[in-house]
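Here are some notes to read alongside the model. Have it open while you go through the points.

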Amino acid sequence: MYSREIEKLAMYLMGTGVTVPDVCKFLVLETFTHIKPSAVYAGEITEDGCIAPVGIFGLSSKVVHDWGNIPLSIDAPLTEAVKKDQIVLLKRDEAFERYPVLITYNGIPEKWESYLVCPILPHGLIALTLDSVPIVDSDLESFIRTAAALTALHFQRANFKIEHFNRKHPNAKAKRKGELTERQLMIKLLMEKGFSNPAIAEEIGYSESLVRQETMAIYAVLNISGRKELLEDKSE
């Protein structure tokens, strides 16, 4: 149903010299125009468990800088989409009631009808501020996820560099290099108990994709090759 929009996006991304800001602008003015976006935020999941801004259009760079990196530990639309690996569509009148933390984020656009977040695991997400409230059926979800995946692939090919902002929430302190986060420690414990990735995901309420990403991070921090070596170390 949306093959023409996907084809146009793919052709655009194949062009030379297409920058991250260019892509964000194209998403708003071309790819998603039928659902009336006014702004887009593209984010990357960092190694220390945050969502860091990669590209924006329709938002003030100063405002996004002030938001900083958003810890996955807080309860917000961006983090919910990533943790559940689901598209989140939030109407304006329910936003602040469901997510009180949004009150602390100054500079959120005043006029909008809904906010849509699409995860791109394990890489990141895109979030659209909309002047409409679309019905997210299977066709629209497939279209949004495909467009988001193409966008993430382009960002990777472009070898963009994330600007390191401070976390907005000082109580969510970053772990020092070489340490596991609380979530990683919990996943490690379940792995040691013999839980598979799907079983871990069901146990802690996260998506299997995110659990898989965290297991890879655990192996990197512990400097081991995989689950087999983890269990061998435990038995010694």
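**Backbone and strand notes**

1. Asp85 sits in the loop that links α4 (77-84) to β4 (88-91); helices (H or I, at least four residues) and strands (E, at least two) are DSSP runs, numbered from the N terminus. Its phi is near 50°, a positive value in a residue other than glycine. Asp85 counts as partly exposed because its relative accessibility is 24% (buried is under 20% relative accessible area, exposed over 50%, partly exposed in between, with a 1.4 Å probe and protein chains only).

2. A word on the source: this is a predicted model, where local features need pLDDT of at least 70, side-chain atom pairs count only at pLDDT 80 or more, and totals for chains, interfaces and linings use all residues. Residues are numbered from 1 along each chain as its sequence is written, and side-chain values use heavy atoms, leaving out hydrogens and water.

3. Lys36 is another one to look at: its phi is positive, about 60°, though it is not a glycine. You'll find Lys36 in the loop between α2 (20-31) and β1. Most residues other than glycine have a negative phi, and most peptide bonds are trans.

4. Leu121 and Pro122 are joined by a cis peptide bond, with omega about 5°. Pro122 belongs to the loop between β5 (114-120) and β6 (124-130).

5. Now the strands. β1 (residues 37-45) and β2 (residues 50-57) run antiparallel, joined by six bridges; strands pair if DSSP finds at least two bridges between them. Their hairpin has four residues between the strands, and Gly49 there takes a positive phi near 80°.

6. Which residue stands opposite Ile51 of β2? That's Ile45. In β3, Ile51 has Ile70 as its bridge partner. β2 and β3 (residues 70-71) run antiparallel, with two bridges.
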